[in-house]
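User: I'd like to learn how to read a few features of a protein model. Could you walk me through them?

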Amino acid sequence: MSRRRLNGALRFGLAIAGIGAVLVILIARSESLPEGVRPVVWDRTACAECRMAVSERGYAAQLQTRGGEVLDFDDPGCLFLYLDANEVDVHAIYFHHVREDRWLPAARAVFVEAGPSPMAFGLGAEDLGAAGGLSFEAAREKVRSRGPGGCCPHD
């Protein structure tokens, strides 16, 4: 093969490799995990646990999986029950602040008595350090200890 043909083939191969690298980067970016809370369609999105409409912002919660799934909940208790009943590879969990229009990452939330909450668990999220606040695990245990009856105490 002549030197000229070899250089042309090498350039062509490098161009194809470059295009391939760009495609890999674009695909990886499009499949990246969410950063922050994904928008909730209030009054239309069904709770992933109880199937009721997510409508009361002050009690909403969101679970994002490493597989890219985004699950919304109408009550923190529903999210805790879902975690107990399903093997979930968690990417992030967020709780809507019970009194303010903002979201809290699970690591920065505690749970206080509030209500009535949509499924009557009576827990609302506040900032870490709030007086009388229960940790994530303590709130989850409180929901778990309620016993049979699931998320819908009024059924």
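This is a predicted model: local features need pLDDT of at least 70, side-chain atom pairs count only at pLDDT 80 or more; totals for chains, interfaces and linings use all residues.

User: How many bridges join β1 to β2?

Analyst: First, the general idea: strands of a sheet pair through backbone hydrogen bonds, either parallel or antiparallel. Here four bridges join β1, residues 61-65, to β2, and the two run antiparallel. As a landmark, look for Gln64, which stands opposite Val70 in β2.

User: And what does β1 do with β3?

Analyst: β1 and β3, residues 90-96, pair in the antiparallel sense over five bridges. There, Thr65 stands opposite Val90 of β3.

User: In what order do the strands lie in the sheet?

Analyst: The sheet is open and has four strands in the order β2-β1-β3-β4, with antiparallel pairing. Its edge strands are β2 and β4 (103-105), each of which pairs on one side only. On average, neighbouring strands are turned by 20° against each other, direction ignored. The helix α2 packs on this sheet, touching β1, β2 and β3. The direction of α2 makes about 160° with that of β3.

User: Where does Asp74 sit, and is Asp74 buried or exposed?

Analyst: Asp74 lies in the loop between β2 (70-73) and α2 (76-85). For a charged residue, check both its burial and its nearest opposite charge. Asp74 is buried yet has no salt bridge; Arg51, the nearest side chain of opposite charge, is 9.7 Å away. Leaving aside residues up to four places away in sequence, Asp74 touches several residues, among them Cys47, Cys50, Tyr59 and Pro118.

User: Two of those are cysteines. How many disulfides does a search of the whole structure find?

Analyst: It finds zero disulfides. To read such a case, compare the sulfur distance with the cut-off, which is 2.5 Å. The closest cysteine sulfur to that of Cys47 is in Cys50, 3.7 Å away, so the pair is too far apart for a bond. Cys78 is in no disulfide either; its nearest cysteine sulfur, that of Cys47, is 3.9 Å away.

User: Are Cys47 and Cys78 buried or exposed?

Analyst: Cys47 counts as buried, at 0% relative accessibility. Cys78 is buried too, with a relative accessible area of 0%.

Technical notes. Residues are numbered from 1 along each chain as its sequence is written. Side-chain values use heavy atoms; hydrogens and water are left out. Buried means under 20% relative accessible area, exposed over 50%, partly exposed in between (1.4 Å probe, protein chains only). Lys and Arg count as positive and Asp and Glu as negative; His and the chain ends are not counted. A salt bridge is a side-chain nitrogen of Lys or Arg within 4 Å of a carboxyl oxygen of Asp or Glu. Contact means heavy atoms within 4.5 Å. Two strands pair if DSSP finds at least two bridges between them. Axes are lines fitted to C-alpha atoms, for helices over the stretch in contact, and angles run from 0 to 180 degrees between N-to-C directions.
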